[in-house]
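Biologist: Please take me through one part of this model at close range. I would like the helix packing, step by step.

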Amino acid sequence: MMKDPVDTILQQWLQVRPDLDCSSMGVVGRVRRTSEQWKKQMEKVFKQHQLNSIEFDILATLRRSQAPLTPTELYQTLMLSSGVMSTRIESLVQRGLLQRLASEEDRRSCRVELTAEGMALIDLSVVEHVQNMESMLSPLNKKERDQLATLLKKLQ
């Protein structure tokens with residue numbers, strides 16, 4: 001049977017506290033370790049395109065939405081604060097990846113959309129992002145991936 005560092009931790013707890021069932025620690029510990037490893041691996045792809053994960057998410061959300069969105073719609077979708085969203089949008093506008101569209105109904109409001117350059121960048125980077133995720137999941141077969149996805153849904 002394959003062993004990992006979490007097995008060592010669980011074994012140590014078993015020795016010092018045999019009265020505790022630490023099996024939950026094994027599951028949570030492995031999910032956390034995997035999450036941290038995956039985050040680092042995904043950041044590498046984003047960095048190759050001069051993006052961070054939030055900027056990638058903004059561009060990807062606009063791409064899949066297929067329509068301009070308000071900053072409020074973006075920050076609610078991405079679960080970010082309005083301040084963080086405003087800063088990121090401004091940065092992406094300055095870099096020529098997004099443009100603001102003034103609202104015809106409300107002068108204080110605007111929508112944001114991808115520029116041609118932003119569209120090209122997200123189309124390229126999302127292909128590499130998907131390839132990267134495929135690599136991250138390569139130890140699992142299709143059935144295992146489906147099982148994992150189903151189990152993780154139950155935890156949300």
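Biologist: How do the axes of α4 and helix α5 (residues 82-94) cross, and within what distance do they come?

Modeller: This is a predicted model, so local features need pLDDT of at least 70, side-chain atom pairs count only at pLDDT 80 or more, and totals for chains, interfaces and linings use all residues. Residues are numbered from 1 along each chain as its sequence is written, and side-chain values use heavy atoms, leaving out hydrogens and water.

The axes of α4 and α5 come within 9 Å and cross at roughly 115 degrees. Axes here are lines fitted to C-alpha atoms, for helices over the stretch in contact, with angles from 0 to 180 degrees between N-to-C directions. Helices are DSSP runs (H or I, at least four residues), numbered from the N terminus. The crossing is right-handed, that is, the near helix is turned clockwise from the far one by less than a right angle. On α4, P71, L74, Y75 and L78 make the contact. On α5, the partners are S82, M85 and I89. Contact means heavy atoms within 4.5 Å. By class, six of these residues are nonpolar, one is polar and none is charged. Nonpolar covers Ala, Val, Leu, Ile, Met, Phe, Trp, Tyr, Cys and Pro; charged covers Asp, Glu, Lys and Arg; the others, Gly among them, are polar.

Now the other neighbour of interest. Helix α3 (residues 53-65) and α4 (residues 71-78) have axes that come within 11 Å and cross at roughly 110 degrees. That makes α3 roughly perpendicular to α4 (65 to 115 degrees). This crossing is right-handed too. D57, I58, T61, L62 and R64 of α3 meet L74, T77 and L78 of α4. Here the classes are four nonpolar, two polar and two charged.

How values were computed: Helices (H or I, at least four residues) and strands (E, at least two) are DSSP runs, numbered from the N terminus. Angles under 35 degrees count as roughly parallel, over 145 as roughly antiparallel, 65 to 115 as roughly perpendicular and the rest as oblique.
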